[in-house]
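Please keep the sequence and the model in view while reading.

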Amino acid sequence: MAHTKNYKRVYVWQLPVRIFHWANALSIVVLSITGFLISNPPAFMSNAEAFDTFWMGQVRAIHFIAAYVFFGAMILRIYWAFAGNKFAHWKAFWPFSKKGIKNIIHVLKHDIFLLPEKNPNINDISIGHNYMATTAYILMFLFGLIMVFTGFGLYSDNATWWLPKLFAWVPSFVGGDFNARMLHHVSMWFIIFIIIIHVYLVLYHDWLEGRGEASSMFSGFKFVRKERVDENDE
Amino acid sequence: MATQKKRDTYLQAIIKQGYSRRDFMKFTTYMAAYMGLQNSAIGQITEALETTPRLPVIWEHYQECTCCSESFIRSDHPIVADIILDKISLDYTETLMAAAGEQAEAAKHDTMKKYHGEYILCVEGSIPTKDDGNYCCIAGKTAIQHFKEAAEGAKAIIAWGSCASNGCVQSAAPNPTGATPIHKFVHNKPLIRVPGCPPIGEVMAGVIVHVVAFGKLPELDRMNRPKAFYAKRVHDSCYRRAYYDAGLFAENFDDENAKKGYCLYKVGCKGPMTYNSCGTIKWNNGVSYPIQSGHGCIGCSEDDFWDNGPLYERLTALPGFGIESTADSVGKAVAGALAVGIGVHAIAGTIAKRKDVKRRVTKGQENEEHLKDE
């Protein structure tokens with residue numbers, strides 16, 4: 001009788017990483033929905049007087065609150081890239097090393113283009129992120145930065161707090177509010193594209209590999225083959 | 001004008017012109033109000049205009065429609081126009097000077113020599129750079145030559161209107177004449193950009209009066225625009241803003257909502273991206289401004305407003321994807337393509353990895369059968 005692979009439970013995603021992930025996910029969903037509403041508000045025919053309704057103002061307020069959540073989560077994640085475990089550390093994200101490039105080629109060949117593996121190497125299986133994924137997250141982070149800069153830049157004019165005012169130079173830097181809005185809108189689409197691919201690939205890995213890929217972002221645990229774990233103590 | 005031996009002060013010139021001192025005081029009060037200054041500044045402006053000799057000004061016209069000058073001479077208080085056109089000893093301006101031909105050129109060169117380093121150079125219009133600047137020639141010289149000559153001895157340079165500030169319509173893609181805003185040519189001189197097509201007359205007067213009264217440029221923003229007039233979006237000073245916040249929008253120019261005066265955001269109003277004073281100073285002696293007259297702002301004081309998509313639609317065009325493509329239409333297409341790609345990949349993955357999946361499922365089922373009963 002064939003044996004099931006022996007799996008060990010490994011704590012991969014620490015609590016701050018998970019908090020970041022879900023705060024980020026929630027704020028992006030809220031920001032995208034309210035962002036679409038702001039860019040193209042639906043036609044509500046109403047007999048109400050203007051002083052009776054404030055829904056556009058409320059949508060914008062939600063957008064701005066979610067923006068602060070997004071920004072706060074981003075700061076938390078940057079901090080944790082220095083303070084966190086090796087899977088959260090910024091070094092784990094940098095793909096431009098020999099190891100990183102080799103891993104990207106492996107992921108492209110066998111996960112994306114689905115080529116059969118003749119001699120599967122256990123070290124090709126990533127425990128945290130694979131380097132293809134970290135490249136996507138670096139891109140995502142850059143788009144997030146564009147969102148923060150253009151968003152606070154557009155907001156700064158009406159802001160009373162110093163933080164958004166720090167970004168007041170951004171719209172003129174990119175050539176006016178037209179371009180700032182365009183960048184803001186286009187970056188949102190890129191983030192949506194990355195999320196579509198991200199969600200699919202999580203489900204893909206979870207389903208094909210059965211290592212707890214999806215649940216790891218709730219529990220923090222992934223399941224790793226025994227051969228990858230040194231067991232000196234037991 | 002340029003032949004005057006001793007320059008009058010502003011007050012002297014205004015009195016000579018037949019205005020009373022009361023008119024003069026009204027004018028300084030107006031100007032302080034337009035510039036957003038406090039009461040005490042009225043005295044400063046008054047004193048400056050009483051004692052300062054008139055500022056020599058050369059006003060050049062290049063690629064433009066003269067709407068800036070037109071806006072000027074229609075500004076609110078009569079002295080507002082007069083101060084610019086007469087009182088500041090405007091030594092050269094193609095549109096309004098009496099002299100012509102060689103006489104006019106001589107007057108200009110006279111001023112440039114006599115007041116070297118003192119005069120203000122006002123520029124209306126952009127400068128064509130393609131084909132050696134052939135597309136705008138005055139008195140046998142190109143606009144580039146004229147500008148470089150005049151800029152050399154100028155104390156400060158004012159770019160009137162969108163042509164001089166950002167190129168306006170003639171620099172819209174494909175920009176056949178290579179129309180270029182003047183700040184691309186100015187590197188070592190104080191420069192004020194006063195965009196708008198045209199700028200508001202009172203704004204233009206306010207800028208000049210500030211230079212005269214305080215002897216320095218007004219406070220400028222990062223794009224060299226005077227903060228007093230370009231610090232707020234039209235949207236933020238719009239009287240229809242309440243409808244925006246309430247989510248009450250005109251869907252068409254002839255629907256019921258448009259008649260009720262609802263926000264014009266969805267019919268392409270560019271007020272939310274446009275920095276100008278239209279909502280507060282307004283036009284034609286404060287009678288109205290575009291939005292008040294039922295038409296959205298077209299963003300005429302913003303860079304490249306002609307190339308930023310249709311004037312009557314909300315979404316701006318996505319550069320490189322053609323006029324009809326908005327970020328949303330391209331985004332939806334890409335998201336759709338991704339969904340199709342994912343579908344194909346999911347099916348291909350199922351087939352390619354079927355052995356792995358089957359093995360895991362089989363083993364999992366075996367394990368399930370061997371569960372120990374309690």
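The sections below treat the basis of the model, the chains, a pocket, a surface patch and the cavities.

## Basis of the report

This is a predicted model, in which local features need pLDDT of at least 70 and side-chain atom pairs count only at pLDDT 80 or more, while totals for chains, interfaces and linings use all residues. Residues are numbered from 1 along each chain as its sequence is written, chains are lettered from A and ligands numbered from 1 in the order in which they are written, and side-chain values use heavy atoms, with hydrogens and water left out.

## The chains

Chain A contains eight helices and two strands (DSSP runs numbered from the N terminus: helices are H or I of at least four residues, strands E of at least two). Along the sequence, its pattern is β-α-α-α-α-α-α-α-α-β. Its C-alpha atoms fill a box of roughly 75 × 40 × 35 Å along the principal axes.

Chain B is divided into domain 1 (10-230), domain 2 (232-316) and domain 3 (332-369), with bounds from an automatic or database domain assignment. The C-alpha centres of domain 2 and domain 3 of chain B lie 52 Å apart.

## The second largest pocket

A pocket is an open set of points on a 1 Å grid over the protein atoms alone, with protein on both sides within 12 Å along at least five of seven lines; lining residues have an atom within 4 Å of a point. The second largest pocket holds about 920 Å³ of space, a volume being the space filled by probe spheres set on grid points joined across faces, edges and corners.

Its lining has 37 residues, and A:Ile38, A:His63, A:Gly151, A:Leu154 and A:His184 lie nearest the centre. Helices H1 (15-39), H2 (55-83), H4 (131-156) and H7 (177-209) of chain A each give two or more residues to this lining, and H7(A) provides the largest share, seven residues.

## A nonpolar surface patch

H2, helix H3 (98-112) and H4 of chain A each supply at least two residues of the patch.

## Cavities

A cavity is a set of grid points where a 1.4 Å probe fits but cannot get out. The whole structure has five cavities of 30 Å³ or more. About 100 Å³ of space lies in the largest cavity, whose lining includes B:Val234, B:His235, B:Arg240 and B:Ile291.
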